[in-house]
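This briefing is intended for a reader with the sequence and the coordinates at hand. Please consult the structure shown here alongside the points that follow.

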Amino acid sequence: MTDMPNPPSAPQPASEPTASAHDTTRLKHLFHRTIDTTSVLFVRPSDTERPTWVAYQQHEYLGTLHAQPDVDEKWHLQGTHERHQGLDDAIRALRRPPSWARDCERARRWACTLLDDPQLLILDIQTTDLHDARALQIGVIDRAEHVIVNELINPQAPIAPAATALHGITQSTVANAPTFADLQPRLRQALQGHRCLAYNLDFDKDVIERELRRAGAPPTYQWLARTRWEDAMHPYAAWKGLWATHRRGYRFQRLNGSYDAVKNCQAALQTVRRVAGY
């Protein structure tokens with residue numbers, strides 16, 4: 001349960017038209033839409049019959065978009081090859097700061113350096129809940145996608161029904177699985193001294209630290225310090241470049257993995273490869 005959800009969108013007034021993935025007929029020639037708490041005015045030019053809108057924010061021109069209702073990524077930004085499935089994301093792309101090209105290149109170089117490191121490992125943890133979570137499954141793979149660790153864990157604690165609904169792990173599934181304390185020596189041996197990548201690292205690392213505290217063995221924390229940690233979530237957000245005005249930063253993206261630890265490791269690795277241009 002490490003795939004960070006997107007920040008909630010601002011509520012839309014009932015009178016505002018919406019743009020579904022396959023229908024542009026409801027869009028008017030002039031309408032407002034609130035995206036990340038900031039209003040955008042859309043104007044359809046009178047000299048075209050194409051599904052085209054010019055976007056303005058606070059009376060400043062943002063850009064021009066073309067709707068293509070018969071394709072998955074229907075919103076085409078004029079003057080570029082860029083397309084987005086949702087109107088909101090298309091506007092976030094138009095809001096990019098002047099620094100985006102540099103930020104994107106910095107993320108690309110980071111990804112290339114990461115993939116060139118033979119010590120690279122990718123980690124993901126599935127948990128009992130999102131709050132004060134205990135580990136239920138740990139997956140670790142290397143940059144060639146070889147599985148290093150793929151273990152279910154008995155959390156010795158209840159599993160939230162909402163968590164089970166996502167990853168399918170029940171109390172009976174892990175009744176005979178090792179505890180985190182049992183697995184900790186193997187995990188320490190696998191990770192220490194390596195460069196370890198996770199998606200939404202803070203979540204996974206917090207789970208590991210809580211489990212170590214529960215195990216009551218503070219000296220084992222030293223191996224965490226000898227592990228070089230990397231978070232793919234921030235560079236990927238910069239590379240994607242969808243600017244959230246209310247956060248004054250790039251919008252975090254979903255990993256688009258699954259609720260299986262090893263599959264999420266593979267999805268994170270594929271994401272880094274995309275950023276690197278591989």
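The points below cover a pocket, a set of paired strands, the cysteines and one lysine.

The structure is a predicted model. Its largest pocket has a volume of about 520 Å³, and a search of the whole structure finds zero disulfides.

**The largest pocket**

- The largest pocket, with its volume of about 520 Å³, is lined by 20 residues.
- Closest to the centre of this pocket are His84, Asp89, Lys240, Leu242 and Gln253.
- At least two lining residues come from each of β6 (83–84), α1 (87–94) and α7 (233–240).
- Helix α7 gives the most to the lining, with three residues.
- Sorted by class, the lining holds 10 charged, six polar and four nonpolar residues.

- Strand β4 spans residues 60–67 and is mostly covered, as six of its eight residues are buried.
- Strand β3 (residues 52–57) runs antiparallel to β4, and six bridges join the two.
- Within this pairing, Trp53 stands opposite Leu65 in β4.
- The hairpin of β3 and β4 has two residues between the strands, and Gln58 takes a positive phi near 50° there.
- Strand β5 (residues 75–77) also pairs with β4, again antiparallel, through three bridges.
- His66 has His76 in β5 as its bridge partner.
- In a regular strand, side chains alternate between the two faces of the sheet.

**Cysteines**

- Zero disulfides are found when the whole structure is searched.
- Cys196 is in no disulfide, because a disulfide requires two cysteine sulfur atoms within 2.5 Å, and the nearest cysteine sulfur, that of Cys265, is 8.3 Å away.
- Cys196 has a relative accessible area of 0% and therefore counts as buried, the cut-off being under 20%.
- Cys112 is also buried, because its relative accessible area of 14% falls under 20%.

**Lys74**

- Lys74 lies in the loop between β4 and β5.
- Is Lys74 buried or exposed? Lys74 is buried, with a relative accessible area of 0%.
- Lys74 and Gly86 are 12 residues apart in sequence, and their C-alpha atoms are 7.4 Å apart in space.

Conventions:
Residues are numbered from 1 along each chain as its sequence is written. This is a predicted model: local features need pLDDT of at least 70, side-chain atom pairs count only at pLDDT 80 or more; totals for chains, interfaces and linings use all residues. Side-chain values use heavy atoms; hydrogens and water are left out. On a 1 Å grid over the protein atoms alone, a cavity is a set of points where a 1.4 Å probe fits but cannot get out, and a pocket is an open set with protein on both sides within 12 Å along at least five of seven lines; lining residues have an atom within 4 Å of a point. Grid points are joined across faces, edges and corners, and a volume is the space filled by probe spheres set on the points. Helices (H or I, at least four residues) and strands (E, at least two) are DSSP runs, numbered from the N terminus. Ala, Val, Leu, Ile, Met, Phe, Trp, Tyr, Cys and Pro count as nonpolar, Asp, Glu, Lys and Arg as charged, and the others, Gly among them, as polar. Buried means under 20% relative accessible area, exposed over 50%, partly exposed in between (1.4 Å probe, protein chains only). Two strands pair if DSSP finds at least two bridges between them.
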